Amino acid sequence: MYKPVLDAVGGSLLLTALVAMLPLITLFVMLGALRITAWKAAIASLVVAILVAVIGYSMPIGQALLAGSEGAAFGFFPILWIVINAIWVYNMTVVTGHFDVLRRSFAKVSDDQRIQAVIIAFCFGALLEALAGFGTPVAITSVMLIALGFRPLKAAVVALVANTAPVAFGALAVPITTLATVSGLPEHALSQMVGRQTPLLGIFVPMALVYIIDKGKGVRETLPATLTCGFAFAIAQFVTSNFISTQLTDIVAALVGALSVVMLLRVWQPRNGYIETDTDVVVGGATSGATRDASSGRVGSAGTDSTRTGSSGDGDHPVGQGVGTLAELAERDAASHDTRQDVLKAYAPYLIIVVLFVLAQLPGIKDFFNLKAANPSFTWPGLDLQTAAGKPSTIPLFKLNVLSAAGTLMIIAGLITIPVIGISPAKALKAYGATYKQLATAIVTVMAVLGLAYVMNASGETATLGKWLAASGALFAVLSPILGWLGVAVTGSDTSSNSLFGALQVQAAKATGLPELLMAASNSSGGVLGKMISPQNLAIAAAAVGMSGKEGDIFRKVLGWSLGFLAFMCVIVYLQSTPVLGWMIP
């Protein structure tokens, strides 16, 4: 049985923490500075984590390897199980042409791509996050943005930055329920506290998306839309999380945010529209080697004839889709006349997903999906661990929730979708196989990084970093969100970060005299900002837009946004720990 010692290196917590950082430093340096592909960086960092565990923490190599294998398995199920099946549903709509109908439907709301990005990446992405989470919104919305004319790098960055404010309540609020379990604090109280932090972030995310697309002038020109969307989303998220339902928080917020923009556009339009023109980009389903020579520009709208040319600065990148160039899509769109039935079929897969996930939460149906016989749990063979406190570790317990997993519900939704959109079973099966091929490198990356996370958790590396940060005293109010951010950056999941650090946040709060509820909630709220730099999500975004191997390019684009929003959240949490904003704590 292995029991971690948190100051294993020379009896010094500081030295041990510095050694424990090596796997993370390796990962982010290889990604950001050396521009090495994500799957190679992930495997190399996993090797470093194992070496640190064995040499620095004296963990038996067999235990380290077993922990890594369990993490890799967890990376595939349930995390990749959700993403793969969600992308399969999307790919079937590409095969039948219903994705084109959906794209045209979104485009009719506004011909301004800045507004389209807010509706698709932020609002629709929030709905996907609410239902499935775990990278699904990034994968689907990034491809939708490409189909509307965005360059792959910009589409990936917009999708990743948009996937922030909704994350804490994603996958029907699993991060909150997990945090309640590990921290011992009431779920509703945590929901209330997080619902008084992330909405403040949600106000500014739509503006950030427009800035990524069109810089400062674009932000000024679309301010009515971004403020309307941001405030509507924030108010709905606050009200739902505090007074209605933790699980329905993001569903309500996403729908209210989208509806507010649609209603606004009936009485207001940006003075100057914005369209990115690109004749060479290929969009759709399978990987292609096409490259792009893109430019972007403004066109007059709402009765004006003003124009302005914009520049992306994204450079030339291979595009990962294979249905046609934008010029071909435009020609096809001009010849298309979508009927109401076509539009309903285009929206049907997502409506099916919403209905199925909601039904799965109803008493009786939920009990059926949670049958123990169909959701076995077992101890990972050979893995025998204790916590640093000498208690049995929960890490070796592997839950194979075959029936209740969100990915399984997504499979069921896909099977229902097949007859609804009229795709043949043979083509649906072919699309399923193509989805695995499309996500091959992302699968390797996610499994390797989760292996890394499990090795760091089992050996005590993660706990060492947490304890070191927690020793900062009153300053911990500022560092608390950083701890959550670090957890998500490593694991790619706010749920996993809450599992790692939720109890530690409460312990640190007790030791420093800070509010326990605030510190626990801050782990989740800070964690949402680490998702955009997580190698798993970078890999999923890169695979979706055809930039596999260029995850480092995406990483450098989103890092500044991640750190900037994190600093903003740290200020909020610090002020909430003082009389200035202390009244916000329930």
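1. Contact here means heavy atoms within 4.5 Å. The model is predicted: local features need pLDDT of at least 70, side-chain atom pairs count only at pLDDT 80 or more, and totals for chains, interfaces and linings use all residues. Numbering starts from 1 along each chain as its sequence is written, and side-chain values rest on heavy atoms, with hydrogens and water left out.

2. Confidence. The protein has a mean pLDDT (the predictor's confidence in each residue, from 0 to 100) of 85, and 90% of its residues reach 70 or more. Over residues 279–323, pLDDT stays under 50, although the model has 142 contacts beyond four places in sequence for them. Where pLDDT is low, predicted coordinates should not be read in detail.

3. Neighbours within four places in sequence aside, Trp88 is in contact with Ile411, Gly414, Leu415, Ile418, Ala428, Ala431, Tyr432 and Thr435.

4. Ser480. This residue is placed in helix α22 (residues 476–491). Ser480 is buried, with a relative accessible area of 0%; buried means under 20%, exposed over 50% and partly exposed in between, with a 1.4 Å probe and protein chains only. Beyond four places in sequence, Ser480 is in contact with Gln505, Met519, Ser522 and Asn523.

5. Helix packing. The axes of helix α9 (residues 170–183) and helix α10 (residues 187–194) are 9 Å apart, and the helices pack at an angle of about 125°. That makes α9 oblique to α10, since angles under 35 degrees count as roughly parallel, over 145 as roughly antiparallel, 65 to 115 as roughly perpendicular and the rest as oblique. On the α9 side the contact is made by Ile176, Thr177, Leu179, Ala180 and Ser183, and on the α10 side by Glu187, Leu190, Ser191 and Val194. Axes are lines fitted to C-alpha atoms, for helices over the stretch in contact, with angles from 0 to 180 degrees between N-to-C directions.

6. Backbone. Arg35, a residue other than glycine, has a positive phi near 55°. Arg35 lies in the loop between α2 (22–33) and α3 (38–56) and is exposed, with a relative accessible area of 53%. Lys215, also not glycine, has a positive phi near 55°. Lys215 is placed in helix α12 (residues 205–221) and is partly exposed, at 48% relative accessible area.

How values were computed. Helix = DSSP H or I, 4+ residues; strand = E, 2+ residues; numbered from the N terminus.
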